[in-house]
Amino acid sequence: MIRPRRSCLAVPGSNPRFLEKAQGLPADQVFLDLEDACAPLAKEGARHAVVKALNEGDWGARTRVVRVNDWTTEWTYRDVITVVEGAGANLDCLMLPKVRNAEQVRALDLLLTQIERTMGLPVGRIGIEVQIEDARGLVEVDAIAAASPRLETLVFGPADFMASINMKSLVVGEQPPGYPADAYHYILMRILMAARANGLQAIDGPYLQIRDVPAFREVAGRAAALGFDGKWVLHPGQIEAANEIFSPTQEDYDHAELILDAYEYHTSAVGGAKGSAMLGDEMIDEASRKMALVIAGKGRAAGL
Ligand code: GLV
Ligand code: MG
């Protein structure tokens with residue numbers, strides 16, 4: 001299922017005030033975090049706080065996700081069991097961080113299936129989002145992206161990724177000084193190709209300079225231009241920017257609808273059953289229709 005994910009809000013699972021506040025923010029997705037935003041000693045308490053927030057909170061139409069800890073820790077199975085047994089009916093996806101191979105996705109899929117069966121939940125409804133956060137994950141990304149029918153998105157994790165490849169920058173998402181081109185181009189494209197080849201969404205990770213909204217817009221704009229579906233947001237100021245940047249402009253949306261109308265008319269029997277058509281000075285064919293469908297789909301989802 002394709003859910004809107006222009007803005008994916010990170011909410012620390014151990015902070016009741018943020019769990020409350022997030023319910024009033026206009027993000028497409030919230031993910032309640034049990035991983036890096038929760039200290040080791042806070043994890044057990046956070047699991048229960050997350051269950052309570054999912055069951056008792058008012059999340060409206062937002063996609064509800066919980067990020068569990070990665071499989072190399074001792075926490076993952078308890079995260080999954082506590083959250084899905086406690087709030088499986090009020091959860092859309094689990095996010096698995098630091099994924100390095102397809103087996104890690106399959107392991108989560110199997111565990112989810114057992115819990116769904118035990119709890120009488122519909123089997124397969126809870127989706128999986130995976131984070132690609134190191135060189136191994138990127139090299140394995142094609143197999144990872146095909147590992148489970150539960151998969152919905154691939155998410156780039158720039159902070160862990162930059163650390164894993166020794167990139168010479170301490171500002172997450174920023175270009176390393178000394179390299180004249182876009183240091184993220186290959187990584188983002190690699191993830192995007194694996195996602196699209198498997199019918200998944202592609203999401204860009206966090207930008208940590210939360211007060212610098214113009215810089216956020218620039219980084220988000222690059223990912224959006226390539227075709228990414230959305231980006232993490234860490235602060236209310238980033239939400240509005242992400243929702244705008246990952247939606248088509250009104251002008252592009254209107255144009256896309258015109259292309260679809262013109263194409264439908266000219267290829268129909270009434271319009272002459274042609275293979276291509278003119279819209280003003282622009283020639284449109286089946287490929288233009290496909291491009292227009294993408295923009296129109298995103299615009300309709302954004303309520304344009
Ligand atoms: C997110 O998890 C990141 O590492 O950037
Ligand atoms: Mg990370």
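Start at ligand 1 and select its shell: by class, the residues there are four nonpolar, three polar and two charged. The model on screen is predicted. The shell consists of Pro97, Gln131, Glu133, Gly157, Pro158, Ala159, Asp160, Gly205 and Pro206. Colour by secondary structure, and helix 7 turns out to supply the largest share of this shell, with three residues.

Take Glu133 by itself. Its place is in the loop that runs between strand 5 (127–132) and helix 5 (135–139). Is Glu133 buried or exposed? Glu133 counts as buried, because it has 24 C-beta neighbours inside 10 Å. Now show what surrounds it. Leaving out residues up to four places away in sequence, Glu133 touches Pro97, Lys98, Gly157, Asp160, Phe161 and Ser164.

Move to Asp160, which sits in helix 7, residues 158–165. Asp160 has 20 C-beta neighbours inside 10 Å, and the threshold for a buried residue is 20 or more, so Asp160 counts as buried. Apart from neighbours within four places in sequence, Asp160 is in contact with Lys98, Glu133 and Asp134.

**Lys98**

Lys98 is in contact with Asp160 and is also touched by Glu133, so select it next. Lys98 is in the loop between strand 4 (93–96) and helix 4 (102–119). With 23 C-beta neighbours inside 10 Å, Lys98 counts as buried. Check its backbone as well: phi of Lys98 is near 50°, which is a positive value in a residue other than glycine.

**Arg67**

Arg67 is found in strand 3. It counts as buried, with 26 C-beta neighbours inside 10 Å. Which residues does Arg67 touch, not counting those up to four places away in sequence? They are Phe31, Asp33, Leu34, Glu35, Met95 and Pro97.

**Asp79 and Leu34**

Draw a distance between the C-alpha atoms of Asp79 and Leu34: they are 7.6 Å apart in space and 45 residues apart in sequence. Asp79 has its place in helix 3, residues 76–87. It counts as buried, with 25 C-beta neighbours inside 10 Å. Not counting residues up to four places away in sequence, Asp79 touches Leu34, Arg47, Val68 and Asn69.

**Helix 2**

From Asp79, follow the contact to Arg47, which is one of the buried residues of helix 2. Select the whole of helix 2, residues 43–56. At 1.5 Å a residue, its 14 residues should span 20 Å, and the end C-alpha atoms are 20 Å apart, which agrees.

Then show the buried side of the selection. The buried residues of helix 2 are Lys43, Ala46, Arg47, Ala49, Val50, Val51, Ala53 and Leu54. What do these buried residues pack against? Their partners are helix 1 (16–21), strand 2 (29–33), strand 3 (63–67) and helix 3.

**The whole chain**

Zoom out and colour the chain by domain. Domain 1 takes in 7–246 and domain 2 takes in 250–302. Their centres, taken over C-alpha atoms, are separated by 34 Å.

The UniProt record, an unreviewed entry, lists residues 6–236 for "domain: HpcH/HpaI aldolase/citrate lyase". Select that span: it is 42% helix and 17% strand, and its end C-alpha atoms lie 14 Å apart.

**Last stop: Ala273**

Finish at Ala273, in the loop between helix 11 (250–267) and strand 9 (277–279). Is Ala273 buried or exposed? Ala273 is exposed, because 9 other C-beta atoms lie within 10 Å and the cut-off for exposure is 12 or fewer. Its phi is near 50°, a positive value in a residue other than glycine.

Notes
Residues numbered from 1 in each chain as written. Chains lettered and ligands numbered in written order. Predicted model: local features only at pLDDT ≥ 70, side-chain atom pairs only at ≥ 80, totals over all residues. Helix = DSSP H or I, 4+ residues; strand = E, 2+ residues; numbered from the N terminus. Contact = placed C-beta atoms within 7 Å. Domains from an automatic or database assignment. Near = placed C-beta within 6 Å. Nonpolar A, V, L, I, M, F, W, Y, C, P; charged D, E, K, R; others polar. Expected span 1.5 Å × (residues − 1). UniProt positions renumbered as here; feature names shortened; annotations may be inferred.
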